Amino acid sequence: MLSPSGDQFEIRGGGYRAVVTESGAALRVLEHAGRPVVDGFGEDEMSPGGRGQLLMPWCNRIRDGAYSFGGRDLQLPLTEPSRHNASHGLARWVAWTLEEHSPNSVSLVYRLMAQTGYPWTLDLHVLYDLSADGLTVTQTATNMSGTAAPFASGAHPYLTLGVPVDGLELTLPAATRSVVDDRLLPVGSEPVEGSTYDFRVARPLRDTVLNHAFTDLDRDEHGIATTVLRDPATSHGVALWVDAKHPWLQVFSADDVPGTARRSLAVEPMTAQADAFRSGEDLVTLAPAGEPGDEHSASWGIRALD
C-alpha cells in the first residue's frame with residue numbers, strides 16, 4: 001500500500017531531520033534534536049490545511065479563478081468553492097519526480113503542462129537542504145512556452161514549539177497588513193503601527209486571530225527578513241526567513257480549523273500578494289523560453305533557536 005502522500009524522502013544534517021513527500025513535494029516533517037519545529041502530518045494522511053505544501057504557479061487565492069493576461073481572458077478551476085476562489089496553485093497534489101537524493105538534501109521536479117486556465121508549460125524545481133543553519137528551500141520555475149507567463153510562488157509551513165500558540169511570543173518584521181474581505185481577498189492595506197497586528201517587537205500572541213498577508217518587511221544587510229516564534233517558558237524558538245524575492249508573508253493561526261486551531265502558526269513565504277494574477281501586485285512575468293528572465297528562483301528557510 002502506498003502512503004496517501006506517495007514516496008517519502010528523508011534527509012538529515014546539522015542535527016535536523018526532514019521528510020519530503022512525492023505528493024506536492026511537501027515538507028511533511030522537520031525536527032531539530034528530535035523536537036518538531038514544523039507541525040506537519042502523518043505518513044498515513046493527506047496534507048490537511050495545506051501543511052508543508054508548495055504553492056505554484058500562484059500562491060494564496062484568485063478571485064473567481066478569473067484573470068486576464070497577454071490579451072487573453074482565462075478561467076481556472078475553483079478549488080476553494082466555498083469562497084468561489086482558485087486557491088494555492090496547480091502543483092500541490094501532483095506527483096513530483098525525484099531528481100537527486102543525498103543524505104542531507106533532496107531535489108524534486110515537476111513539469112506543469114499547459115492547461116485550461118493556465119496555458120503555459122513550466123518546469124518546476126525544488127531543493128531542500130539541511131545543514132547546521134537549518135533547512136533551506138529553493139523553489140524555481142522555468143518557462144518552457146513561447147509566450148510570457150504570469151507566476152508567483154509560495155509555501156505553507158506551520159511552525160510549532162509543541163504548545164498552543166497563545167502562550168508564545170511572535171516577532172513579525174512587517175510594517176503593513178493587507179486588509180481582506182469575507183472571501184480572504186485583498187481590498188486594501190493599512191500600517192500595523194498602533195494596531196493589534198504590530199509584532200515588529202516581540203510580544204505574546206495571546207488571543208490574536210491571524211489570517212492576513214503582511215509586507216514592507218524589515219530586512220538585514222543581505223535582504224533577509226526573519227520571523228521568530230519563541231516560548232518564554234523554555235526559551236526554545238523557531239525562525240522562518242525569506243530572501244528578497246519574497247515581499248510577502250501570510251500568517252495564519254487556523255482559528256477556523258477544528259482540531260488544530262491555534263496548535264501552530266502558519267508563516268507562509270509569498271513572492272506576490274493574494275489575487276496577484278488580477279491585480280498584478282508583485283506578480284512575476286516569466287519571459288518566453290530561452291529569453292532572459294525565463295526563470296525565477298526564490299529561497300526561504302527554517303531554523304531552531306535555543
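Good morning. The side chain of threonine 176 makes a polar contact with the side chain of aspartate 216, at 2.4 Å. A polar contact is a pair of N or O atoms within 3.5 Å; within protein, one must be able to donate a hydrogen and the other to accept it, and residues adjacent in sequence count only if both atoms are side-chain atoms.

The model is a predicted one, in which local features need pLDDT of at least 70 and side-chain atom pairs count only at pLDDT 80 or more, while totals for chains, interfaces and linings use all residues. Residues are numbered from 1 along each chain as its sequence is written, and side-chain values use heavy atoms, with hydrogens and water left out.

Let us stay with threonine 176. This residue belongs to strand 18, residues 174-180; strands (E, at least two residues) are DSSP runs, numbered from the N terminus. Is threonine 176 buried or exposed? Threonine 176 is buried, with a relative accessible area of 13%; buried means under 20%, exposed over 50% and partly exposed in between, with a 1.4 Å probe and protein chains only. Beyond its neighbours within four places in sequence, its contacts (heavy atoms within 4.5 Å) include Ser189, Pro191, Phe214 and Asp216.

Nine strands form an open sheet in the order 10-11-12-13-27-23-22-17-20, with antiparallel pairing; two strands pair if DSSP finds at least two bridges between them. Strand 10 (97-102) and strand 20 (203-204) are at the edges with a single partner strand each, so one side of each has no neighbour in the sheet. Within the sheet, strands 22 (225-230) and 23 (237-242) are joined by 6 bridges in the antiparallel sense. One of the residues involved is valine 228, whose bridge partner in strand 23 is alanine 239.

On a 1 Å grid over the protein atoms alone, a cavity is a set of points where a 1.4 Å probe fits but cannot get out, and lining residues have an atom within 4 Å of a point. The structure holds 3 cavities of 30 Å³ or more. How much space lies in the largest cavity? The answer is about 70 Å³, a volume being the space filled by probe spheres set on the points, which are joined across faces, edges and corners. Strand 18 and strand 21 (211-217) each supply at least two residues of its lining, and strand 21 gives the largest share, 3 residues. Thank you.

Notes
Helix = DSSP H or I, 4+ residues; strand = E, 2+ residues; numbered from the N terminus. 1 Å grid on protein atoms, 1.4 Å probe; cavity = no way out; pocket = protein on both sides within 12 Å on 5 of 7 lines; lining within 4 Å.
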